[in-house]
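Okay, thanks for coming, everyone.

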Amino acid sequence: MAPDRRTFLKGLGVLGAAALVPGCATSTSSSGSGGGAATGELALQSNLSAEQAKAAMEKLVEAYNKTGGGTVKLNTVASEIFRTQLPTYLTSANPPDLYTWYAGSVANSYAEKDLLLDVTSVWDTMGNYPKSMQTLSTSAAGQKIFVPTSYYWWGMFYRKSNFAKWGVTPPKTWAEFLAVCQKIQAQGIPPIGIGLGDTPWVASAWFDYLNIRINGAPFHRDLLAGKGDFTDPKVKAVFTRWREVLPYFDPKGKSFPFQEATSALLGGKTGMFLIGTFFADSAPKDALDDIDFFQFPIIDPNVPVAEEAPTDGYFASKKAKDPEAVKKFLTYLATPAAQELYVQNSSGTAIPANPDGKAADTPLVAKGKAMVNSAAELTQFFNRDSSDALQPTADAALTKFLDKPDQIDQILKDWQAAATKVFKA
Amino acid sequence: MTATAVEVKTRRRSAKRRSLGVSPLILVFVFVPFAVEAVWVFWPALQGFWLSLTNWDGLSAPTFVGLGNFREMVSDPIFRTALKNTAIWLVLFGGLSVAGGFGMALLLQKERRGVGIYRAALFTPVVFSLVVTALIWRVFYQPDGLVDSVLRGIGLGDLIRPWLADPDTALYAVIVPALWRQIGYVMVLYLAGLKAVDPALYEAARVDGASAWQRTRYVTIPQLKGVNSVVLSVIVIDSLRSFDIVWSMTKGGPYHSSELLSTYMYSTAFQSTQLGYASAIAVVIFLLALAVILGYLIRAFREET
């Protein structure tokens with residue numbers, strides 16, 4: 001599922017081990033029940049269960065506890081369990097105080113149910129955060145409900161050495177992109193890698209990007225919020241474009257998850273891969289220096305450029321026993337020092353949300369940060385802009401489209417029907 | 001309390017006990033588990049029935065919609081696919097594992113040198129958790145995996161396809177490992193049954209000049225009646241509750257083509273958070289299981305008497 005994409009794979013080998021993930025996600029479930037005892041200790045429920053991320057979180061909490069500002073108890077829960085249990089946590093009588101979570105629509109849906117703590121006073125200390133982060137962290141009712149701490153970006157990743165070998169350069173426009181695809185295919189290599197077995201949500205990245213390039217981010221957000229219709233001709237236009245590149249997709253990509261698509265890319269078996277930076281967590285270090293990315297090609301120059309930059313952070317329960325202590329900890333988390341501490345100890349591809357926080361010092365991260373900063377609009381990702389409940393409808397529709405593109409009218413009709421059901425529930 | 005009152009009370013209690021004929025210890029052994037069951041099984045089950053009449057996202061209060069969820073099911077193409085797949089599963093998985101298990105038991109019933117190895121080998125898959133089984137088989141099915149290389153090796157390379165990602169093959173590709181496991185289990189049940197058949201019956205049949213086939217048809221099979229009822233109930237229950245192997249191999253995909261009722265219920269509940277609709281599917285599964293099992297039990301009892 002989409003929410004755990006970040007924490008999905010750290011510490012796992014690229015190849016066969018990738019297949020173990022779903023099993024692990026459920027079997028390593030540390031008991032995630034209940035909130036902290038009322039001992040003045042804050043309970044922090046974290047879904048960052050991958051090895052590196054978990055260690056980074058432990059360091060972060062340890063550092064805060066040393067400052068003497070309060071004590072926080074970290075409770076790490078496997079991400080899949082966390083996702084399904086989150087509503088239960090929040091609605092229970094004695095909920096954990098703080099939670100790792102995602103910004104945007106997924107946080108707002110809980111705010112609408114009046115389950116989240118108003119953290120406006122924390123934002124008073126966060127004057128240097130960009131406007132986009134503010135908007136992202138504000139509920140529909142106008143309250144600040146979220147403290148963003150890091151983000152990452154999506155792009156078309158490739159190996160520099162392979163591009164040099166095949167004699168292609170990163171394209172900027174759709175036409176150039178098509179030309180690159182043709183050139184790579186002429187060498188007998190599937191140009192576009194994808195991994196849909198077990199991780200069908202990866203296909204949503206293509207839908208997101210084509211939609212924001214063709215119809216723009218506002219249309220995309222409205223559509224995902226249930227204010228549009230998937231049978232809209234504007235949505236069909238997305239698939240018409242997509243069809244132009246379908247012949248260039250790796251046919252084997254249907255069968256394996258994105259982790260294996262990653263190894264296919266690194267092994268030179270595919271040319272490019274539209275994916276988030278988290279994929280690099282499982283790449284061998286020597287291959288990392290050879291990895292680069294380019295921005296998803298521009299299709300309509302009149303549409304303001306938007307990029308996908310999913311933002312992670314924290315929110316707190318409305319029923320937190322000591323709201324002041326919670327806000328104090330959140331204020332700490334919003335500082336550059338805390339975010340650098342986390343980024344340094346985790347995989348290093350995440351970028352601190354605080355503009356003064358230093359990201360990992362690699363050219364790749366610098367390039368990613370520059371791309372996100374220059375974007376006119378930011379989107380999160382399909383499930384974060386809509387909801388986890390809508391994601392399975394996209395998975396079914398998009399994998400079916402990749403398999404049977406000529407049935408697109410029926411697919412869109414079914415998708416709309418499934419989406420209506422989700423919005424109605 | 002006066003002495004007489006106590007006396008009366010004890011007498012009354014002992015009278016009651018005598019009339020029921022049950023010791024309080026037994027009552028404790030019955031009612032304590034019943035109370036536990038009531039809280040952890042019966043009450044949630046009843047709640048499930050109630051939830052199936054509502055729309056509920058797990059957060060806000062459920063809204064009552066009457067039979068709306070069931071009406072929706074009738075026009076839900078995914079539900080129909082899941083229902084159809086469950087029927088296919090029942091017939092193929094159930095039928096083939098009975099046939100296969102019985103065949104293997106007949107083949108391996110005679111004590112011969114090395115037969116233990118074969119029995120153990122066939123039983124080994126039962127030992128693994130189905131999730132592990134799924135992992136192993138996924139490696140077999142992956143592109144250029146074992147299945148593909150075997151097909152290529154015997155010159156059937158044209159048949160190669162993305163086994164688990166092709167909507168035409170996904171369901172059957174999942175049934176194979178499920179069978180691989182179940183056959184060993186059914187075989188052990190039948191082996192035990194075959195051991196219980198009196199050898200004198202075969203002796204008599206042989207003396208009467210019955211062929212091997214006739215001995216199987218007229219001696220073995222009727223003698224296995226008791227085992228059959230066990231196997232059939234196990235198979236029906238196992239088919240209807242099949243979930244783990246499908247979920248860990250395809251998650252019901254690609255695009256719902258290998259969806260069973262159980263996987264559809266799970267994804268509706270915990271992925272789409274339509275808990276009311278998911279409860280309605282659970283009710284359907286419950287009714288189906290009840291119908292199949294009751295139907296079978298009634299027939300079995302009728303034959304007994």
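So, to start: which residue in strand 8 of chain A does Met156(A) stand opposite? Find Met156(A) on the screen and look across to strand 8, and you land on Phe294(A). Keep in mind that this is a predicted model, so what I'm showing is computed from that.

Strand 5 of chain A, residues 154-159, runs antiparallel to strand 8 of chain A, and they share four bridges. Zooming out, they belong to an open sheet of four strands in chain A, in the order 6-7-5-8, with mixed pairing. The edges here are strand 6 (192-193) and strand 8 (291-294) of chain A; each has a single partner strand, so one side of each is left without a neighbour in the sheet.

Now the other sheet I wanted to show you. Chain A also has an open sheet of six strands, ordered 2-1-3-10-4-11, and the pairing is mixed there too. At its edges sit strand 2 and strand 11 (351-352) of chain A, each pairing on one side only.

Let's go to the strand 2 end of that. Strand 1 (residues 41-46) and strand 2 (residues 71-76) of chain A are parallel, and six bridges hold the pairing on record. To get from strand 1 to strand 2 of chain A, the chain goes through helix 2 (residues 51-67) of chain A, and that β-α-β crossover is right-handed.

While we're on helix 2 of chain A, have a look at Glu62(A) and Lys66(A). They both lie in that helix, four residues apart, which is about one turn. The two form a salt bridge, with the closest N and O atoms 3.5 Å apart. Over all chains, the count of salt bridges comes to 24.

And what about the interface between the two chains, how many salt bridges are found there? Five, across the interface of chain B and chain A. One to click on is Lys252(A) with Asp144(B), where the closest N and O atoms are 2.9 Å apart. On the chain B side, helix 6 (130-141) and helix 13 (261-270) each supply at least two of the residues that touch chain A. Sorted by class, that side of chain B has 10 nonpolar, eight polar and six charged residues.

In terms of extent, 24 residues of chain B contact 29 residues of chain A. The buried area is about 2,400 Å², with carbon and sulfur atoms giving 58% of that. Within chain B, Leu59(B), Tyr255(B) and Gln271(B) lose the most area to chain A, together 29% of what that side buries.

Methods. Residues are numbered from 1 along each chain as its sequence is written. Chains are lettered from A and ligands numbered from 1 in the order in which they are written. This is a predicted model: local features need pLDDT of at least 70, side-chain atom pairs count only at pLDDT 80 or more; totals for chains, interfaces and linings use all residues. Side-chain values use heavy atoms; hydrogens and water are left out. Contact means heavy atoms within 4.5 Å. Buried area is the accessible area (1.4 Å probe) that two parts lose on being put together, summed over both. A salt bridge is a side-chain nitrogen of Lys or Arg within 4 Å of a carboxyl oxygen of Asp or Glu. Ala, Val, Leu, Ile, Met, Phe, Trp, Tyr, Cys and Pro count as nonpolar, Asp, Glu, Lys and Arg as charged, and the others, Gly among them, as polar. Two strands pair if DSSP finds at least two bridges between them. A crossover is right-handed if, with the strands pointing away from the viewer, the path from the first strand over the helix to the second runs clockwise.
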